[in-house]
Amino acid sequence: MSSGGPGSHSCVEIMRLVLPGPRPTAQDVDGLSARLVRLYEGGAAAVVCDAGAVTAPDLGVVEALARLRLAARGRPFRVTGAAPALRALLDLVGLLELLGEAEQGEPAVGVQEGVEPDDFAV
């Protein structure tokens, strides 16, 4: 913890969840959702979900990640370790932002598009 003195930084806690492989069951997701809520209630600033163990991604895995995202209730939640097949599924259903990547045609997270004063209206 920081003392709050000059030059000090507050501590940001990022917690980690692990999505079980080869694909999570509905019971797994129920337990992970409850744990996710407890992590945020306990003061986690962000939660990272490791999907590296998911070797058989399907729409059930996409549903599981969508349910976790909903359980986060707008708080920082990101997925890491996604295999190419899971990445493709998330892109297909419009959830690629869970990986911290911009969707095709969208600016990257944290990038704001600017308008120059002499730009013509389209």
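Buried here means under 20% relative accessible area, exposed means over 50%, and partly exposed is anything in between (1.4 Å probe, protein chains only). What you're looking at is a predicted model, where local features need pLDDT of at least 70 and side-chain atom pairs count only at pLDDT 80 or more, while totals for chains, interfaces and linings use all residues. Residues are numbered from 1 along each chain as its sequence is written, and side-chain values use heavy atoms, with hydrogens and water left out.

**Overview: the elements of the protein chain run β-α-β-α-β-α from the N terminus on.** That makes three helices and three strands. Both kinds of element are DSSP runs numbered from the N terminus: helices are H or I with at least four residues, strands are E with at least two. Of the 122 residues in the protein chain, 28% count as buried.

**Strand β2 sits largely enclosed by the rest of the structure, since five of its five residues (46-50) are buried.** Both faces are covered. Ala46, Val48 and Asp50 look to one side, Val47 and Cys49 to the other, and each of these residues is buried. On to its neighbours: strands count as paired if DSSP finds at least two bridges between them. Strand β1 (residues 14-18) runs parallel to β2 and is joined to it by five bridges; Ile14, for instance, has Ala46 as its bridge partner in β2. Strand β3 (residues 77-80) also runs parallel to β2, with four bridges between them, and here Cys49 stands opposite Val79.

**Two helices carry the chain between these strands, each in a right-handed crossover.** Right-handed means that, with the strands pointing away from the viewer, the path from the first strand over the helix to the second runs clockwise. One β-α-β unit is built from β1, helix α1 (residues 26-41) and β2. To get from β2 to β3, the chain crosses through helix α2 (residues 59-72).

**Arg16 and Asp50 meet side chain to side chain in a salt bridge, at 2.6 Å from N to O.** A salt bridge needs a side-chain nitrogen of Lys or Arg within 4 Å of a carboxyl oxygen of Asp or Glu, and a search of the whole structure turns up four. In this pair, Arg16 belongs to strand β1 and Asp50 to strand β2, 34 residues apart, so distant parts of the chain are linked. Asp50 has a relative accessible area of 19%, which means that it counts as buried.

**Two further salt bridges are Arg23 with Asp58 and Asp30 with Arg67.** In the Arg23–Asp58 pair, the closest N and O atoms are 3.1 Å apart. Arg23 is in the loop between β1 and α1, Asp58 in the loop between β2 and α2, and 35 residues separate the two. Arg23 is partly exposed at 40% relative accessibility, and so is Asp58 at 27%. For Asp30 and Arg67, the closest N and O atoms are 2.5 Å apart. Asp30 lies in helix α1 and Arg67 in helix α2, so this pair ties together parts that are 37 residues apart in sequence. Asp30, with a relative accessible area of 42%, is partly exposed; Arg67 counts as partly exposed too, at 31%.

**The largest nonpolar core has 27 residues, and Leu19, Leu36, Leu65 and Phe77 touch the most other members.** Members of a core are buried Ala, Val, Leu, Ile, Met, Phe, Trp, Tyr and Cys residues joined through side-chain atoms within 4.5 Å. Helix α2 supplies the largest share, six residues. At least two residues come from each of α1, β2, α2, β3 and α3.

**Leu59, Leu92 and Val93 make a nonpolar surface patch of about 320 Å².** Patch residues have over 30% relative accessible area and no salt bridge; nonpolar side chains (Val, Leu, Ile, Met, Phe, Trp, Tyr) are joined within 5 Å, like charges within 9 Å. The areas are Shrake-Rupley values with a 1.4 Å probe, and for residues only the protein chains shown count as cover. Val93 is in the segment after α3 (84-92) and is partly exposed, at 39% relative accessibility.

**Met15 and Tyr40 are 25 residues apart in sequence and 8.9 Å apart in space, C-alpha to C-alpha.** Met15 is part of strand β1 and, at 23% relative accessibility, counts as partly exposed.
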